[in-house]
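Please keep the viewer open as you read.

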Amino acid sequence: MTTGAQARKTRISADGCIATVSVPVNFLQRGGRKQILSPAGAAPWSPAPRVDSVLAKAVVRAHRWRQMLESGEYASSAELAKTEKVNDSYVSRILRLTLIAPDIIEAILAGRQPSMLQLDDLLMPLPVAWAQQRSALFNPR
């Protein structure tokens, strides 16, 4: 759902004591959160960095699972999935997060990822080249 004012308006009361300023903004609900989108051509509004716990948890889980497989603790992703009580397909998709460029991972863990980036975006097949990953994730379609 998107709502927003179309024109910036400033009104001053007759006695000059009250000024009312209307600024056009759009509110977009994505992933259960409301986000403020600045009007086209305006400088983007950016809140303080906030770590997205869903993204961070998935990245950490991916690296933990990879370490468990590489150390020989589990012989296969199917065995790991059974122990973790998740679908083998999910394990495979999450493990792909270990192939994301290190600077993208750092941005996610520091809360500097684009506000529109969601786990579904990371779980889609991404290019192997890190530069193309940056372009795909940080320059939305």
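Predicted model: local features only at pLDDT ≥ 70, side-chain atom pairs only at ≥ 80, totals over all residues.

Residues are numbered from 1 along each chain as its sequence is written, and side-chain values use heavy atoms, with hydrogens and water left out.

Helices are DSSP runs of H or I with at least four residues, numbered from the N terminus. Axes are lines fitted to C-alpha atoms over the stretch in contact, and angles run from 0 to 180 degrees between N-to-C directions.

| Helix pair | Angle | Axis separation |
|---|---|---|
| H1 (residues 53-70) and H3 (residues 88-95) | about 100° | 8 Å |
| H4 (residues 102-110) and H6 (residues 130-138) | roughly 35° | within 9 Å |

H1 and H3 are therefore roughly perpendicular to each other (65 to 115 degrees). Their contact (heavy atoms within 4.5 Å) involves Ala58, Arg61, Ala62, Trp65, Arg66 and Leu69 of H1 and Tyr90, Val91, Ile94 and Leu95 of H3.

Now to H3 itself: Val91, Ile94 and Leu95 are buried, meaning under 20% relative accessible area with a 1.4 Å probe, protein chains only. Seen down the axis of H3, the buried residues fall within an arc of 100°, so they line one face of the helix; the arc is taken from the directions from the helix axis to the C-beta atoms. These buried residues pack against H1, H2 (77-84) and H5 (119-123).

In the other pair, Pro102, Asp103, Ile104 and Ala107 of H4 meet Trp130, Gln133, Arg134, Leu137 and Phe138 of H6.

Technical notes. Helix = DSSP H or I, 4+ residues; strand = E, 2+ residues; numbered from the N terminus. Parallel < 35°, antiparallel > 145°, perpendicular 65-115°, else oblique. Buried < 20%, exposed > 50% of the residue type's maximum accessible area, 1.4 Å probe, protein only.
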